Amino acid sequence: MPSAKRPAKVQRWMDVIAAFLRFRFPISFEQLAAEVPAYADPDQADDARMRMFERDKDELRELGVPIETVAGEEGGFSSYRLKSRAFYLPYLMTADDGAAAAPPIRPKGPGYQDLPILSFEPDEIAMIARAATRVQHMQHAMLAADAATAVRKLAFDIPLAIDGDSAREVILQPSHASDHDVLELLDTAVRRRKLVDFDYRSMERDAHSRRGVQPYGLIFLSGIWYLVAHDVTANALRHFRVSRMSRVVINSAKAQSHDFEIPSDFDLWSHTLSRQAWEMGDADATHVSVRFDPSNRFAAAGAELGDADPEHSDCRRFVVRRPDAFVRWLLSFGGSAVPVAPSTIVDALHEVASNTVALYLAATQEHST
Amino acid sequence: MNPRTADDAASQLRRLLIAIPALADDSPHRIADLAILVGVSEGTLAKDLRTLVTRFDDGPGGFVEGVRLAFSTDSVQLESTFFRRPMGLTPSELGAIELGLAALARELPPHEAAVAERAKERVVRAAAGLTLHTDRGPVHAARLVASERDGLHLSLLRTAISSRRKAEIEYRSVSSPAGSIRSVHPYGLLHSNGHWFLIGHCERAESIRIFRLDRMVAAKMLAEPADIPDDVDVEATLRNGRATVTNAEDVLRVQYSPRIARWIAEHQSVETQHDGSVIVDHPLLDDDWAVRHVLQYGPDAEVLEPPRVREMVRERLELVLSAHVR
């Protein structure tokens, strides 16, 4: 049969979902095929029709349609089920309608009668609207679209809209915004727990390098998206700026199974707390002790970013993952912040100060000759 | 499989599962209204509905057999026994709302944060059908304010703007590092490059000013009404207002090396040199700020003008070298 005459894929999917909703119990592929014309195509071999269903099932699950597989007894064929309670949105009510509120009018047809009723407080509804508006500000097209669709669904029953008063609140998009395709790929990799490879250019080295990581999550911090990932080569947790990644490739082997598990003690939200440039690096963590001049107001403010130093009572201690960025930060205090340990940082500051002062001395000599 | 086609089918499915429940109440609906509800153009919506019901063979029906669709010039009517409720929230939709609520819960004052937490539990219950996704953790996390204090101030300023009341802020700036008290008619809020700004009319300066949230030591809402023009446009105010804010007479001229030129150019307009380095003119309000700004780039930034700042940079570098602990 020419492909132009086949029903559209979305039609086939709607047929599949409707067929499942018609039955309250798990059904076999043959029972399903009787309801879905595309699976009963006599021109197609049995295994080709089955493969088509397997692909549809995986894609629909990916889209959030919770089709369950029920294993057959003693090696028999599997059957499948989609519970209407798991598919349809429950009925939602505003709590302050109270007892006076009429129960929802349930349409005739399969699946509607046993949908639960959930009530929301008015302040919760307002907060959901604010949350959805917030997500529109995160420079992530797919997240914004998901939040908007969620609001459209909830708004069937409860008064909800994304706050449109944007003239009073403006989010400027930076010129170095992350590529939406890259963000989308990384989202998928995190969800499916798949390994990711990418080219990364880092400011310190100004060079591209190929990285292989286990992606644990994405964080949006100070207007920038970072990937939090376990770097396989370094065997350590790293932060990567999404806007500095390119040629992102998800491991395609065994697409339906996890490549790794995220450790149970990993807390993505705790990574939104560290926000200094030197903490957001892709190197091993170093503890650096720094002595600040308390009479200098900038140095006093800088000291607050560190922790108490157990080894040097007159110092503050910092956890540094980007030594280069940290050394430059120290340099900006112009002598009011002095590192005492480790020697690598002490020497690095001396070196960068020597190199910088050379610029001014060389130019002065040029001017005077 | 062509991923493009899959994407299209996925988008169509999402749209149809919102359109059908809105439509399937046995009465005609204006296509224009429905398109707004679904969030697409009228043409796309009409095409989706036609795609749904067009069959090319005479085989057994599928669900479409039970669907009746009637188009008139500007309205559409549909009868169906299925899909009369919207599909529940998908894991990614739930994730997006949870992310927004969790971010709010971390930046709002405690009583509002508690509401955000409650709302999160409700939304999760509304998506309770997601039995296949019991192991899901958060994919995203976000922080839009630098500190708890900024979050409190942001919330307070939003209230002041929406209730059109004046705000009083204690503000630290380069010109008054110890802080000064300002009464502001708040026009709007702006988020740019990771910072929140308040834009408003400052009574002390008698003109529009832009205040960085993380430089506010304190903020409170006053009882007095604020004078806010009805047609205020925050973004335009910012563009026009910048000149009045940076009324610096001096210019700090800095040359950045080719190595970091790309990163400098990400943030501001630059003058590119033959060797790949870039030169940028910054408004110079405060020499201390200028020295700190340049030093953070080490040998990758050099002050060209003015000479007194060049000299200050050199002196500070000598201090760093003399303070070197061996």
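Chain A has 10 helices and 14 strands, where helices (H or I, at least four residues) and strands (E, at least two) are DSSP runs, numbered from the N terminus. The model is predicted, so local features need pLDDT of at least 70 and side-chain atom pairs count only at pLDDT 80 or more, while totals for chains, interfaces and linings use all residues. Residues are numbered from 1 along each chain as its sequence is written, and chains are lettered from A and ligands numbered from 1 in the order in which they are written.

Of the 369 residues of chain A, 36% count as buried; a residue is buried if 20 or more other C-beta atoms lie within 10 Å of its own, exposed if 12 or fewer, and partly exposed in between, with C-beta atoms placed from the backbone.

Just after helix 3, A:Gly64 takes a positive phi of about 100°.

Next come the strands. Two strands pair if DSSP finds at least two bridges between them. In chain A, 4 strands form an open antiparallel sheet in the order 12-13-11-14. Strand 12 (307-308) and strand 14 (337-341) stand at the edges with a single partner strand each, so one side of each is left without a neighbour in the sheet. Within this sheet, strand 11 (residues 286-292) and strand 13 (residues 316-320) pair over 5 bridges, and A:Thr286 stands opposite A:Val320.

Strand 8 of chain A (residues 224-231) is mostly covered, with 6 of its 8 residues buried. Strand 8 pairs with strand 7 in the antiparallel sense over 8 bridges, and A:Leu221 faces A:Ile224. The hairpin of strands 7 and 8 has 2 residues between the strands, and A:Ser222 takes a positive phi near 50° there. On to strand 9 (residues 236-241): 6 bridges join it to strand 8, again antiparallel. This hairpin has 4 residues between its strands, and A:Asn235 in the turn has a positive phi of about 50°.

Strand 7 of chain A (residues 207-221) also pairs with strand 4 of chain B (residues 140-143), in the parallel sense over 4 bridges. Here the bridge partner of A:Leu218 is B:His140.
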